[in-house]
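Morning, all. One model today, and I'll keep it short. Please look at the fold as it comes up.

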Amino acid sequence: MSKKSGAMVMAFLWSCCWMIQLITGTPVGTPEMDRAFGAPLTAAEFACVPTFGKAAPEDFPHSEGNDIVIVPNKNAYLSRKWPNASAIPYVLDSTFSAKARCAIGYAMTQYHKNTCIRFVPRTVETDYVKLNNLDTPECYSIGLGYYKGGGAHEVTFSPSCYQYQAGSIMHELMHRVGFNHEHTRPDRDTYVNILWNNIDAGWKAQYAIAEGSNLLLTYDYGSVMHYGLGREMTTKLNTNGAVIGQRQALSQLDINKLKLMYCSK
Ligand SMILES: *[C@@H]1O[C@H](CO)[C@@H](O)[C@H](O)[C@H]1NC(C)=O
Ligand SMILES: [Zn+2]
């Protein structure tokens, strides 16, 4: 797996300052802050079906990488639910390519088709999802879910995030609506072995147990929020054929969890 810790050290710095600034005033001086907003997605871009190159094994599935910049302590973060699932405002970086816009449109469409969640262009809302195009090695979400009064809720995609699959975009959007990695659930030790000695120091946080999570549903090896197996993690149980670390689609349990959190009355 390619490890790009330099960028993540930087991201941690941004995140520390972003959190402090969140309390004290408008954040300034991070790469995210300087991005210009572009046009919202068109109907054609929402209907777009992206085509991808074939991933090399080492590119998969870590292209979204070490990607929760502020590590929260829950799996489904019910307290960080967006207030109106039918209207989660978003803005797009003006520099996203046509290919990026297609992949983002496709990923958002999976939410629209399968859940009550709707990403809608921001008009005047204070709090909104801001999708940045930055040439970092990873894609990431700063924090998880919704922060009331937080303003721009940053998610960053570099070209590596949609080079081989749209699932990394779905993954980051799941962080943005309040979900942690599936393999950090408090019950995960029943399902996977974490091989700590093989995990680089800068990545250990992405494997730390999310204490006190709201689990919502059963453990899902096939979740778009599960990392792949390898040197860092092996499975304990028969996975019933689930592709672990897949980044093709929201799994049925991902969809059911999103619906439980956002769409049940
Ligand atoms: C939620 O968003 C929808 C769609 O914009 C809107 O019709 C509805 O009034 C909003 N609900 C609340 C409680 O603001
Ligand atoms: Zn992630």
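I'll go from the whole chain to one strand, then to one helix pair.

This is a predicted model: local features need pLDDT of at least 70, side-chain atom pairs count only at pLDDT 80 or more, and totals for chains, interfaces and linings use all residues. Residues are numbered from 1 along each chain as its sequence is written, with chains lettered from A and ligands numbered from 1 in the order in which they are written.

The overall picture. The protein has five helices and seven strands. Those are DSSP runs numbered from the N terminus: helices are H or I, at least four residues, and strands are E, at least two. From the N terminus, the order is α-α-β-α-β-β-β-β-α-β-β-α. Of 265 residues, 44% are buried, meaning 20 or more other C-beta atoms, placed from the backbone, within 10 Å of their own.

Now strand β1, residues 88-92. Five of its five residues are buried. In a regular strand, side chains alternate between the two faces of the sheet. Here I88, Y90 and L92 sit on one side, P89 and V91 on the other. Three bridges join β1 to β2, residues 119-121, and the two run parallel. P89 has V120 as its bridge partner in β2.

Last, the helix pair. How are α3 and α4 set against each other? Helix α3 spans residues 98-114 and α4 spans 167-176; they pack at about 55°, axes 9 Å apart. Axes are lines fitted to C-alpha atoms over the stretch in contact, and angles run from 0 to 180 degrees between N-to-C directions.

Technical notes: Buried ≥ 20, exposed ≤ 12 C-beta atoms within 10 Å, placed from the backbone. Pairing = 2+ DSSP bridges.
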